[in-house]
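Me: I have a structure to go through with you. Keep the answers brisk, please.

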Amino acid sequence: MTDVTRVRPSSMDRFLDCPSSILPPPNNVEPRNSSKAATLGTAVHEAMACLVSGAVPDLAGIASHYCVDLDDVAYLYSRGERAWEKLSPISPNAEAEVSL
């Protein structure tokens with residue numbers, strides 16, 4: 001059986017710095033309550049998933065849906081977009097939001 005590990009675009013920087021960071025934690029970890037930062041991260045994650053899928057994200061619509069600041073979403077998306085420009089050539093079959 002082949003063990004396939006998938007790295008999500010939102011964790012690519014961490015993976016490049018520390019490849020073992022994609023390994024599952026040793027114990028079940030309960031998620032914390034959501035915070036403003038987590039909600040912003042979810043919004044940017046959605047935008048990045050569009051980019052990886054080849055679609056143009058509606059940043060204003062995403063920011064509105066998650067009730068987060070459009071400028072924050074746009075800035076973080078631009079950083080992810082720059083990273084994706086470097087990573088997409090080495091990930092030609094990348095997929096976003098795939099159930100693991």
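Me: At roughly how many degrees do the axes of helix α2 and helix α3 cross?
Reply: This is a predicted model. Helix α2 covers residues 36–53 and helix α3 covers residues 59–66. Their axes come within 10 Å, and the crossing angle is roughly 150 degrees.

Me: Are α2 and α3 roughly parallel or antiparallel to each other?
Reply: The axes cross at roughly 150 degrees. Angles over 145 degrees count as roughly antiparallel. The two helices, α2 and α3, are therefore roughly antiparallel.

Me: Is the crossing of α2 and α3 left-handed or right-handed?
Reply: The axes of α2 and α3 come within 10 Å. The handedness of their crossing is right-handed.

Me: Which residues in α3 meet α2, and how many residues of the contact are charged?
Reply: From α2 come Thr39, Thr42, Ala43, Glu46 and Ala47. They meet Leu59, Ile62 and Tyr66 in α3. By class, the contact has five nonpolar residues and two polar ones, and the number of charged residues is one.

Me: Is aspartate 13 buried or exposed?
Reply: Aspartate 13 sits in helix α1, residues 12–17. Its relative accessible area is 52%. Exposed means over 50%, so aspartate 13 is exposed.

Me: What distance separates the C-alpha atoms of aspartate 13 and alanine 83?
Reply: Along the chain, aspartate 13 and alanine 83 are 70 residues apart. Their C-alpha atoms are separated by 8.1 Å.

Me: Where in the chain is confidence highest?
Reply: The chain has a mean pLDDT of 85, and 84% of its residues reach 70 or more. Confidence is lowest in α1, with a mean of 81. At a mean of 96, the highest is α3.

How values were computed. Residues numbered from 1 in each chain as written. Predicted model: local features only at pLDDT ≥ 70, side-chain atom pairs only at ≥ 80, totals over all residues. Heavy atoms only, no water. Helix = DSSP H or I, 4+ residues; strand = E, 2+ residues; numbered from the N terminus. Buried < 20%, exposed > 50% of the residue type's maximum accessible area, 1.4 Å probe, protein only. Axes fitted to C-alpha atoms, helices over the stretch in contact; angles between N-to-C directions. Parallel < 35°, antiparallel > 145°, perpendicular 65-115°, else oblique. Left-handed = near helix turned anticlockwise from the far one by under 90°. Contact = heavy atoms within 4.5 Å. Nonpolar A, V, L, I, M, F, W, Y, C, P; charged D, E, K, R; others polar. pLDDT = per-residue confidence, 0-100.
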